2 protein chains.
Amino acid sequence: MSDRAFQESYPDDVSHCYGCGRLNEHGHQLKSYWDGEETVAQFEPLPYHTAIPGFVYGGLIASLVDCHGTATAAAASYRAEGRVMGSEPALRFVTASLHVDFLRPTPLGGPLELRGHVETLGPRKASIAITVSAEGVVCARGRVVAVRMPESMTPPQADAREPAGA
Amino acid sequence: MSDRAFQESYPDDVSHCYGCGRLNEHGHQLKSYWDGEETVAQFEPLPYHTAIPGFVYGGLIASLVDCHGTATAAAASYRAEGRVMGSEPALRFVTASLHVDFLRPTPLGGPLELRGHVETLGPRKASIAITVSAEGVVCARGRVVAVRMPESMTPPQADAREPAGA
């Protein structure tokens with residue numbers, strides 16, 4: 001597994017995301033890494049991240065899929081260009097569409113593992129397939145279509161999200 | 001608009017959801033209502049529910065779509081049977097799949113409005129289309145496929161989520 005989380009290479013001005021920003025003290029601070037050709041992240045939901053008692057809230061699962069997907073898109077783009085992640089010019093991605101199939105109840109009370117697989121990777125768009133497992137069993141499958149944020153986009157004027165067809 | 005939120009009719013044992021449970025003090029406590037043939041909910045994100053500064057976190061938008069979708073499925077099922085929402089036997093729904101297209105950046109700093117439209121409604125499965133608007137502009141479109149939770153399912157033994165094909 002790589003040593004440094006993808007999200008730790010994000011510039012400060014895009015490190016406030018509620019799902020994965022290292023500067024958002026209220027957020028989930030998800031951290032994603034390479035594991036061979038796949039990407040991996042672990043997250044332990046809090047007791048109140050529940051749907052019905054005993055099971056993880058689906059909205060949290062969708063949130064983790066979202067952030068692991070855009071992080072995987074960014075990391076794969078750097079890797080494809082043979083560049084160190086975080087080097088300039090920055091390759092930042094935002095979510096165009098998010099899909100999650102909930103296959104079975106996700107038990108609450110231990111770590112979840114997300115695994116990302118790059119399905120397609122173009123200069124401006126990537127599709128990332130993600131599984132979410134608990135206790136070694138896949139409980140949800142997701143797909144994130146991520147699009148490149150133009151270099152000219154700087155917060156807070158940035159168009160954070162683009163049409164799915166972009 | 002109807003007076004009582006759908007979520008206020010949920011039995012106590014399914015009122016702990018992080019997205020909409022009235023008994024989850026840490027959660028979003030989304031509240032959904034009828035407005036004619038549509039359902040509507042409003043939610044004001046907190047300052048830290050951000051993606052990049054100035055814009056709402058997509059995972060939060062997905063979470064709100066999820067809860068408004070299952071709530072709409074339950075309310076529409078009661079209405080179709082001519083029953084008061086919350087009456088026994090309970091009609092509870094869980095999410096089989098969730099899809100969100102992010103059409104444009106969602107500005108942070110005011111209320112979001114969710115509107116739900118019942119696309120299909122069967123005895124065990126419903127499809128709900130949802131728009132998420134800020135300042136009168138649709139920023140995201142979602143779809144929730146919700147499936148009926150069998151009466152025999154009671155937390156915490158319940159299979160909270162079923163396969164998409166169920």
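Which residues of strand β2 (residues 38-43) of chain A lie on its covered face, and which on its uncovered one? The covered face holds A:Thr39, A:Ala41 and A:Phe43, while A:Glu38, A:Val40 and A:Gln42 make up the uncovered one. In a regular strand, side chains alternate between the two faces of the sheet. Keep in mind that this is a predicted model.

**β2(A) and its partners**
- On one side, β2(A) pairs with strand β1 (residues 32-35) of chain A, antiparallel and over four bridges.
- A:Glu38, from the uncovered face, stands opposite A:Asp35.
- Two residues lie between the strands in the hairpin of β1(A) and β2(A), and A:Gly36 there has a positive phi near 70 degrees.
- Strand β4 (residues 112-121) of chain A also pairs with β2(A) in the antiparallel sense, through five bridges.
- A:Gln42, another residue of the uncovered face, has A:Glu113 in β4(A) as its bridge partner.

**Where the chains meet**
- Chain A and chain B each bring 43 residues to the contact.
- On the side of chain B that touches chain A, the elements giving two or more residues are α1 (58-80) and β3 (92-102) of chain B.
- β3(B) gives the most to that side, with eight residues.
- By type, the residues on this side of chain B are 24 nonpolar, 14 polar and five charged.

**Strand pairing across the chains**
- β3(B) runs antiparallel to strand β3 (residues 92-102) of chain A, and five bridges join the two.
- One pair to look for is A:Ser97 with its bridge partner B:Asp101 in β3(B).

Notes:
Residues numbered from 1 in each chain as written. Chains lettered and ligands numbered in written order. Predicted model: local features only at pLDDT ≥ 70, side-chain atom pairs only at ≥ 80, totals over all residues. Contact = placed C-beta atoms within 7 Å. Nonpolar A, V, L, I, M, F, W, Y, C, P; charged D, E, K, R; others polar. Pairing = 2+ DSSP bridges. Buried ≥ 20, exposed ≤ 12 C-beta atoms within 10 Å, placed from the backbone.
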